Amino acid sequence: AVGGGGWSEGSVGAMVHPLTVAADRAIAKLASGAAGASQGQNGDAGANGADGVDGARVMTELVPRLFRGRMHPTPAVRCAMVRLWNDVTVDSVTSEQVPQQVMIRRHLTGIMHDLVAGSSPALQSPKWRDRHAAVLALSEALTGRTWEEMRGSMAVLWRETLKVLDDSRDSVRQGAAKLAKSLLLLTGRLVEHGEGTNPDHVREAVKELLPLLLKASVNTRGVLASEARAVSVGGLLRVVKSAGAYLRPYLADIITVVSTAMSELEPSMLSYLQFHTASMNMTYEGLEELRLSLAASGPLAEALELCMDHLDGDSASDVVSALLSLLNFGSGLATRATAARVVDALCRKAPEELRRRRPGQKVLPARRLLSALTHLTGSERSPTVRRAFANSMANVARVAPASAVTGLVRTLCRRYRSAGPGDEAMQKRTVQALAQVVTKAPQALTDRGAWEPLLALAYVNKQAEKDTTPASASSATSAAALAANAVTAAAASAAGAGGGATR
């Protein structure tokens, strides 16, 4: 109760001396009891010592409280607690000071129970002084811990740390930042795999920590403060960088969370500047490319690349489903562009999985991705992201079955014709997408059903270019002619690579 509500620092200081004297007497009695208990184990005395004091039980209760009291924000109380701690931690046999880490290891269960895991832990105390002491003591207690010591405690540690980062007191929040740093270091060490580590321990740690961190990292309802959100994402990145192949069961969720965080953790000023590019003497697309370049060079992008390095056949199917969700419902410039990059990586690292239909699947993954990307190349408003989607669509077409590519080309040709000369923007988008497909995936265009509508489209618009004079040309007709030139050039290069049947 020392330092609680209603106590001024002066009144607390006035009580420190008598409390210290009383505590010294109790410690002397405790030491006698502990010695008696030690002798009792050797058959020389009773287990409770000469005065009936159960030294081991008292130490179990006293040490955690003193450990926390050493961090009390009131200087007088803190000095008294440090003195008591030094008295308690003297070895009764050698009269030497027991190292602090040894004391923490001996009484870790009691310390964790007092600080965070008990029925009324100090970290949840209504008294700010208790919370202040608890976060600093917990930060110190986490140093050097192993998985055997922390098994079953890491989840509650993370939950309570994220909460206290949003504490109402500045001093508690500052202490919580220190605690978060210690927790991040411990998390990275516990999930690190390599020589000298226990694979079972790493697997258990990843299984306990990843679901919690994923849930905290996608907190979209403002329950957590921005600092807590950043710390949870930082913890997720630590796990991704250290856990290696143990990430595979969680790859789809990690990719979803990291891609979403790309936009949500972007500075809001960049989104604001996107609407004021004229005043900065900068083009709209130029600022978009700058934003995407910043996102692609950050730690989130690095974590995403690490995830793709561990992609295998078992996880590819779940990743495709996650990508479809991101493509259809993802918001934010960086999130949508990141989804396109993941599609490209999937085409490079697991192309056979896009052509394989797993049990329960009615549609090939490649066809599902082509369908989504075909729609997005026409509906996406950002020119930069739209080009990324067109590029991804061409990469998927390169590994997709020929029948799927034929259907893609025919769909794009129909969309071009249905847009008509009045919708110049849609015509441009469609033909740019077609040019990407025939340039990057000519080997997939072996079906006559794909080349007939494509070359017909190029021929008609080439004639429109010849028949239209610059003075009478409408903007739509001129755009169509320019688009036809692009398709014709791409078709010529594809015909050269496609073999005799294509020519």
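Which residues is M154 in contact with, leaving aside its neighbours within four places in sequence?

View 1. M154 is in contact (heavy atoms within 4.5 Å) with W147, L183, L186, T187, L190, E208 and L209, leaving aside neighbours within four places in sequence. The model is predicted: local features need pLDDT of at least 70, side-chain atom pairs count only at pLDDT 80 or more, and totals for chains, interfaces and linings use all residues. Residues are numbered from 1 along each chain as its sequence is written, and side-chain values use heavy atoms, with hydrogens and water left out.

**View 2. The largest nonpolar core.** This core (buried Ala, Val, Leu, Ile, Met, Phe, Trp, Tyr and Cys residues joined through side-chain atoms within 4.5 Å) has 132 residues, and M154 and W158 have the most contacts inside it. Helix 17 (residues 333-349) supplies its largest share, ten residues.

**View 3. Helix 12 (residues 251-264) against helix 15 (residues 299-309).** Helices are DSSP runs of H or I, at least four residues, numbered from the N terminus. The two axes (lines fitted to C-alpha atoms over the stretch in contact, with angles from 0 to 180 degrees between N-to-C directions) come within 10 Å and cross at roughly 160°. Helix 12 is therefore roughly antiparallel to helix 15 (angles over 145 degrees). L251, I254, I255, V258, S259, A261 and M262 of helix 12 meet L300, A301, L304, C307 and M308 of helix 15.

**View 4. E353 in helix 18 (residues 351-354).** E353 is buried, with a relative accessible area of 8% (buried means under 20%, with a 1.4 Å probe and protein chains only). Not counting residues up to four places away in sequence, E353 touches G313, A316, R358 and P365.

Note on methods: Helices (H or I, at least four residues) and strands (E, at least two) are DSSP runs, numbered from the N terminus. Buried means under 20% relative accessible area, exposed over 50%, partly exposed in between (1.4 Å probe, protein chains only). Angles under 35 degrees count as roughly parallel, over 145 as roughly antiparallel, 65 to 115 as roughly perpendicular and the rest as oblique.
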